[in-house]
Amino acid sequence: MIDGKKVLFSGMQATGTLTLGNYLGALKNWVALSEEYECFYSVVDLHSITVRQDPAELRKRARNLLILYLAAGLNPEKNCIYYQSHVSGHAELAWILNCFTYMGELNRMTQFKDKSQKHADNINAGLFTYPVLMAADILLYQSDVVPVGIDQMQHLEITRDIAQRFNGVYGDVFTIPEAYIGKSGAKIMSLQNPEKKMSKSDENPNASIYLMDDPDTIRRKFKRAVTDSEANIAYREEQPGVRNLLDIYCACTGRMPQDAVAGFQGQGYGQLKEAVGEAVVSVLTPVQEEFARLSKDKSYIDGIIKSNAEKAEYYAAKTLRKVQKKVGFPERIRK
Ligand code: TYM
């Protein structure tokens with residue numbers, strides 16, 4: 001708890017180009033929850049270097065991502081919006097938690113298996129212990145809730161296991177966090193292969209809607225979206241393409257799938273695709289406009305980066321000191 005409010009933590013990687021999946025599965029919920037909780041929203045650049053990055057490009061993407069958090073509607077006076085690399089406590093706590101995590105647990109992580117297949121030439125130890133750093137992010141702020149898409153659930157579970165194990169040894173040190181999964185949009189699928197998650201790293205640009213795609217590109221990508229030959233607008237597993245379009249539509253409009261299906265009665269896939277395209281355009285356009293405006297205001301953004309990192313550091317240090325003491329590190333002599 002901070003000032004009587006429960007704590008929320010979440011983060012996003014500044015690698016690749018952000019997709020509609022990131023927005024509907026995470027960012028949109030972050031904004032919705034931002035008044036109710038004391039929030040920490042991090043640009044997780046430490047995680048990004050588990051895969052090789054061009055340094056200048058990473059710096060640029062990280063800044064753009066931070067600006068995007070603001071453009072999406074987060075308030076930097078109330079929510080703490082900062083770079084993970086600015087708060088050394090993340091890496092320090094991760095080291096300690098590494099000593100409370102088993103190789104067998106990490107071996108079971110599906111994201112590690114996927115990523116090591118994709119980057120077979122660079123299966124580094126950071127990639128393997130990635131979930132421990134993620135646990136450190138969350139536990140460092142004594143977070144109660146972590147809004148994420150379904151693909152991060154396994155990482156949330158291991159975070160809880162690590163926290164419980166640590167508390168089992170040292171008493172109630174960490175708050176045990178809960179995942180928050182949105183009602184709709186928690187797993188947006190590729191527009192070209194609806195059996196696969198929409199992903200920043202997909203090589204086919206038509207598979208994903210990027211957050212900075214212009215309206216015509218968005219409309220065109222939906223027009224080309226893969227559906228099926230049933231010619232029936234229904235929300236069911238057997239029609240994953242149509243179901244995905246309905247999911248996107250519902251996440252953008254706040255409607256329930258069954259109501260949306262009823263609304264499309266008597267219409268064809270062409271009309272469904274057009275409606276989904278328009279719904280997405282009306283959600284993304286204001287974010288893009290605000291992003292363009294904020295990007296020009298260098299000193300305002302720099303001010304936020306400075307003050308919010310200090311705020312994050314303050315809360316991180318509190319937990320870290322407690323943990324260091326528990327595990328037996330000697331206290332610093334400061335006088
Ligand atoms: P990342 O950067 O891959 O994704 C950021 C967020 O977007 C969600 N997401 C999706 N949601 C719905 N449909 C999709 N197709 C889709 N693709 C991505 C993800 O679930 C995530 O919520 N490891 C994390 C970043 C991280 C983190 C943390 C998150 C680091 N530390 C602590 C929460 C708490 C990641 O790589 O997310």
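The model is predicted, and I kept local features at pLDDT of at least 70 and side-chain atom pairs at pLDDT 80 or more, while totals for chains, interfaces and linings use all residues. I number residues from 1 along each chain as its sequence is written, and side-chain values use heavy atoms, with hydrogens and water left out.

Entry: contacts. A polar side-chain atom of Asn22 is 3.1 Å from a ligand oxygen atom. Through a backbone N or O atom, Gly21 comes to 3.2 Å from a ligand nitrogen atom, and Ile188 comes to 2.8 Å from a ligand nitrogen atom, also by a backbone N or O atom. I computed 710 Å² of exposed area for the ligand alone, of which the protein buries 97% (Shrake-Rupley method, 1.4 Å probe).

Entry: shell. I found 27 residues around the ligand (a heavy atom within 4 Å), with Tyr130, Asp137, Gly149, Asp151 and Ile188 the closest. I sorted the shell into twelve nonpolar, ten polar (Gly counts here) and five charged residues (Asp, Glu, Lys and Arg).

Entry: rings. I counted 13 aromatic pairs in the structure (Phe, Tyr or Trp rings with centres within 6.5 Å; planes under 30 degrees apart are stacked, over 60 edge-to-face, the rest tilted). One of them is Phe166 with Tyr170, a tilted pair at 4.7 Å centre to centre and 45 degrees between the planes. Both belong to helix α9, residues 153–170 (a DSSP run of H or I, at least four residues), and because they are four residues apart, about one helical turn separates them.

How values were computed. A polar contact is a pair of N or O atoms within 3.5 Å; within protein, one must be able to donate a hydrogen and the other to accept it, and residues adjacent in sequence count only if both atoms are side-chain atoms. Rings of Phe, Tyr and Trp (its six-membered ring) pair if their centres lie within 6.5 Å; planes under 30 degrees apart count as stacked, over 60 as edge-to-face and the rest as tilted. Helices (H or I, at least four residues) and strands (E, at least two) are DSSP runs, numbered from the N terminus.
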